[in-house]
Amino acid sequence: MFSDATSSILSLKLSICLFLSAVSVTLFGGASLIAFIYYLDQRKAKKRKVLQRAAVGKMAIGGPFSLITHEKKPITDKDFLGQWLLIYFGFTHCPDICPEELEKLSDITEMLNKQKTKQKYPFQPIFVSVDPERDTPELVSKYIKDYSPHFIGLTGTRDQVAEMCKHYRVYFSQGPKIGDDYIVDHAIIMYLINPNGEFVDYYGRNKNAKEVAYAIEQHMNAFKELNK
Ligand SMILES: [Cu+2]
C-alpha cells in the first residue's frame, strides 16, 4: 500500500511520538515525585518546629507560687492550669516603665482576644508586684483597672513574692528611701506560660505589642497541633 519511503517516514513519526510520550511521562512523574518530596519535607519541617517549641517549654523557668489576688483571694500556680498566662513583674509606684509595659500588656490582650483561630484555652494577663511593702491588694486592684479589666494582679508577703521571683529568675531590688518614697529596680520581662503550667517564651522591652501577640498566637497554634 505504502511506498518504502512513506512507511519509513511513518515509522519515524511513530518512534518520535513514542519517544515524546515517554519523555512527558518521565517528566510528569519526576515533577510529581519532586512535589511529593517537597510536601514531605515541609511536613517534617513543620513537625520539627512544633517539637522545638515544645522543647523550649522544658526550660527551668517558672514553678510553684502562692500569692494573694487583687480581690484578696489566696491563689497558687495550680489555680491557673488550663490557661495561657502572660506574666509581668512590676510595681504600682513605677514612674514610667511599668505604665508603658502594662499598656503594652493591655494591647496584647486586646489583639489576642480578636485572633481568628479559635483557642481552647483562655488567655490571662497577670501583673505581679515586686513591691509587697507598699502594694496591697487594694492598691494593685485600683492600679490594674486603669489598664485593663482583664488583668489579674498578684501580691503577697515579702517571702511569697521573693519565692515566685526566684522561680521566674526575676531580679528585683529596693532602692534607697527618700522620705517614704523609693524605686524598685526590676527585670522588665513578660513570661508566657502554657495551659500545662510550663514556661514557653519570654518577651523584653524591645518587642512591641503586635510582635508579642503574633508570637503568642504561634505558640498557641503549635500547642494545639501538639495536643490534638
Ligand atoms: Cu517598673
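Read along the sequence, the protein chain goes α-β-β-β-α-β-α-β-α-β-β-β-β-α. That comes to 5 helices and 9 strands. Keep in mind that this is a predicted model. The chain has 228 residues, and buried residues make up 28% of them. Now take the contacts with a separation of 6 or more. Residues 24 or more positions apart account for 68% of those.

Let's start with β4, α3 and β5. Together they make a right-handed β-α-β unit. β4 covers residues 123–129, and β5 covers 152–155. The two strands run parallel, joined by 3 bridges. In that pairing, Val 128 stands opposite Leu 154 in β5.

Now the helix in the middle. Helix α3 spans residues 137–145. Which residues of α3 are buried? Val 140, Tyr 143 and Ile 144 are. Seen down the axis of α3, the buried residues fall within an arc of 90 degrees, so they line one face of the helix. An α-helix has 3.6 residues a turn, so residues three or four places apart point the same way. On the other side of α3, Glu 138 and Lys 145 are exposed. And what covers the buried residues of α3? The cover includes β4 and β5.

One more residue on this helix: Ser 141. Ser 141 lies in α3. Is Ser 141 buried, or partly exposed? Ser 141 counts as partly exposed, because it has 16 C-beta neighbours inside 10 Å, and being buried would take 20 or more. Ser 141 also reaches across the sequence. Ser 141 and Glu 71 are 70 residues apart in sequence, yet 7.1 Å apart in space, C-alpha to C-alpha. Leaving out residues up to four places away in sequence, Ser 141 touches His 70, Glu 71 and Gly 153.

Look at Met 190 in β8. Tyr 88 stands opposite Met 190. Tyr 203 in β9 stands opposite Met 190 too. As for burial, both faces of β8, residues 190–193, are covered. Met 190 and Leu 192 are buried on one side, Tyr 191 and Ile 193 on the other. β8 and β9 form a hairpin with 5 residues between the strands. In that hairpin, Gly 197 takes a positive phi near 80 degrees.

Now the core. The largest nonpolar core has 45 residues. Which members touch the most other members? Leu 86, Ile 87, Ile 126, Phe 127 and Met 190. In general, nonpolar side chains in soluble globular proteins tend to be buried together.

Take Phe 127 as the example. Again, skip residues up to four places away in sequence. Phe 127 then touches Tyr 88, Gly 90, Leu 102, Ile 144, Phe 151, Gly 153 and Leu 154. Ile 144 is one of the buried residues of α3.

Which residues have a positive phi without being a glycine? Lys 72 is one, with a phi of about 65 degrees. Lys 72 sits in the loop between β1 (66–69) and β2 (74–76). Lys 72 counts as exposed, because it has 12 C-beta neighbours inside 10 Å. Arg 169 is another, with a phi of about 55 degrees. Arg 169 sits in the loop between α4 (158–167) and β6 (172–174). Arg 169 is partly exposed, with 14 other C-beta atoms within 10 Å.

Definitions and conventions:
Residues numbered from 1 in each chain as written. Core = buried A, V, L, I, M, F, W, Y, C linked by C-beta atoms within 7 Å. Contact = placed C-beta atoms within 7 Å. Helix = DSSP H or I, 4+ residues; strand = E, 2+ residues; numbered from the N terminus. Pairing = 2+ DSSP bridges. Arc of directions from axis to C-beta. Right-handed = clockwise from strand over helix to strand, strands pointing away.
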